[in-house]
Amino acid sequence: MTKQDFIPKAYHTKIENGTITWESPSNIALVKYWGKKKNQIPENPSISFTLDNCKTITTLSFVKRDLSTVLKVTPDFSFEVFLDGEKKEGFKSKIQTFFERIELYLPFLRDYHFKIETSNTFPHSSGIASSASGMSALALCLMSIEKELSVISSAIDKSHFSDDYFNQKASFLARLGSGSACRSIEGDLIVWGESKSVEGSSGLFGVKYPYQVHENFKEYQDTILLIDKGEKQVSSTVGHNLMHNHPFAQNRFQQAHENLEELKSILESGNLDKFIALIESEALTLHAMMMTSMPYFILMKPNTLEIINKIWNFRKDTGLHIGFTLDAGANVHVLYPKKEAEVILEFIKNELVAYCQNGHYICDRIGFGAKQL
Ligand code: DP6
């Protein structure tokens, strides 16, 4: 597929208005995306677990505009955004940019007024990135409109709208909203970015991990410890840009390729010790990139380190397979297999939750992607 394949031919149907709702999950990267080229193409491949409980629910209502009253040749996009029922002017510029980036692929965007109503199952201020779930949910709603506009009679167009095409284009669009969002359409393991190790992988959209995965990784658990619920210290846009002219960038991109290759054999063999070593190293490397960029940042908090040390000690003492990964922030994702969940969750509650802001944490696990409601 090339990006030209996502430019639609003329639509068949006219639709005056409608309402569509999708829920879409967040995801947590095991091999991290950090650094991008033009047009939201990642510098290196990444792979993530799709989550199950942390999701965004978006309802998109649309009404055909009477463009004869709009004087300009090219009318502006017309939309409003609500979070939990409250109008959010602050979200508009991100969506404006998103619409500008995807207009070529969804030429109906200026024909309608959109009301975007969104809510998250996790607190908005939790520091959990809502851009992945939010942008993927919106992309899916827009794809549902495109599907309605396109599918009418011709067999060619129907086959064009196979589930595969729908998901691929939704992922392609979501990527243009936020890179990691392209990994939230499906589950349970998604690869994004071209890699020799993964057949069919692409920088344009996420693909389902196509190889065998050991039982050990089924129903893998992710307990998210919320350490710092404040505004992100470094936006992801700023963060990715720090990889331009970064002294270690090329080695890091190379390492991500190698880690994905290694993860492939780990996922097949079910070797949890090697899995933990790989994901923890990825998490710390991501933070190391931020510490060694110019300007430099430390995104971990003292409690992040307390938790990491506690996890390491507990692992050493018990031999259980508890590990962690981090986003570009202070929160800790504690990852562990289902069969050890009872003891590990007890440890988390007794020993780690005390380091969370207001004792807040979220129990999640691997999930299978977005759903239309
Ligand atoms: C550290 O997807 O938020 O979570 O493309 O600029 O929206 P933009 O960035 P974003 O970056 C996520 C970075 C990360 C690692 C990852 O999810 O792979």
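In which sense do strand β10 and β12 pair, and over how many bridges? The points below begin with that question.

1. Basis of the note. The model is predicted, so that local features need pLDDT of at least 70 and side-chain atom pairs count only at pLDDT 80 or more, whereas totals for chains, interfaces and linings use all residues. Residues are numbered from 1 along each chain as its sequence is written, and side-chain values use heavy atoms, with hydrogens and water left out.

2. Pairing of β12. Strand β10 (residues 221-225) pairs with β12 in the antiparallel sense over 5 bridges; strands are DSSP runs of E of at least two residues, helices are runs of H or I of at least four, and both are numbered from the N terminus. Two strands count as paired if DSSP finds at least two bridges between them. Strand β11 (residues 323-326) also runs antiparallel to β12, to which 4 bridges join it, and a hairpin of 5 residues connects β11 to β12. H333 of β12 is the bridge partner of I224 and also of T325.

3. Burial of β12. In strand β12 (residues 332-336), 5 of 5 residues are buried, where buried means under 20% relative accessible area, exposed over 50% and partly exposed in between, with a 1.4 Å probe and protein chains only. In a regular strand the side chains alternate between the two faces of the sheet. In β12, V332, V334 and Y336 point one way, H333 and L335 point the other way, and all are buried.

4. Aromatic pairs. The structure holds 22 aromatic pairs; rings of Phe, Tyr and Trp (its six-membered ring) pair if their centres lie within 6.5 Å, and planes under 30 degrees apart count as stacked, over 60 as edge-to-face and the rest as tilted. One of these pairs, F77 with F99, is edge-to-face, at 5.4 Å centre to centre and 75° between the planes. F77 lies in the loop between β4 (46-64) and β5 (78-83) and F99 in helix α1 (residues 92-102), so this pair ties together parts 22 residues apart in sequence. Both F77 and F99 are buried.

5. A further partner of F99. F99 and F114 also form an edge-to-face pair, at 5.9 Å centre to centre and 70° between the planes. Because F99 lies in helix α1 and F114 in strand β7 (residues 112-120), the pair ties together parts that are 15 residues apart in sequence. F114 is buried, as is F99. Ring pairs link Y11, F62, F77, F79, F98, F99, F108, Y112 and F114 into a cluster.

6. Charges over rings. The charged end of K264 sits over the ring of Y211, 4.3 Å from its centre; the criterion is NZ of Lys or CZ of Arg within 6 Å of the ring centre and within 35 degrees of the ring normal. K115 lies over the face of F82, at 5.2 Å from the ring centre.

7. A search of the whole structure finds 2 cavities of 30 Å³ or more; on a 1 Å grid over the protein atoms alone, a cavity is a set of points where a 1.4 Å probe fits but cannot get out, and lining residues have an atom within 4 Å of a point. Grid points are joined across faces, edges and corners, and a volume is the space filled by probe spheres set on the points. The second largest cavity has a volume of about 40 Å³, and its lining includes N167, C182, R183 and E186. β9 gives the most to this lining, with 3 residues.

Terms used. On a 1 Å grid over the protein atoms alone, a cavity is a set of points where a 1.4 Å probe fits but cannot get out, and a pocket is an open set with protein on both sides within 12 Å along at least five of seven lines; lining residues have an atom within 4 Å of a point.
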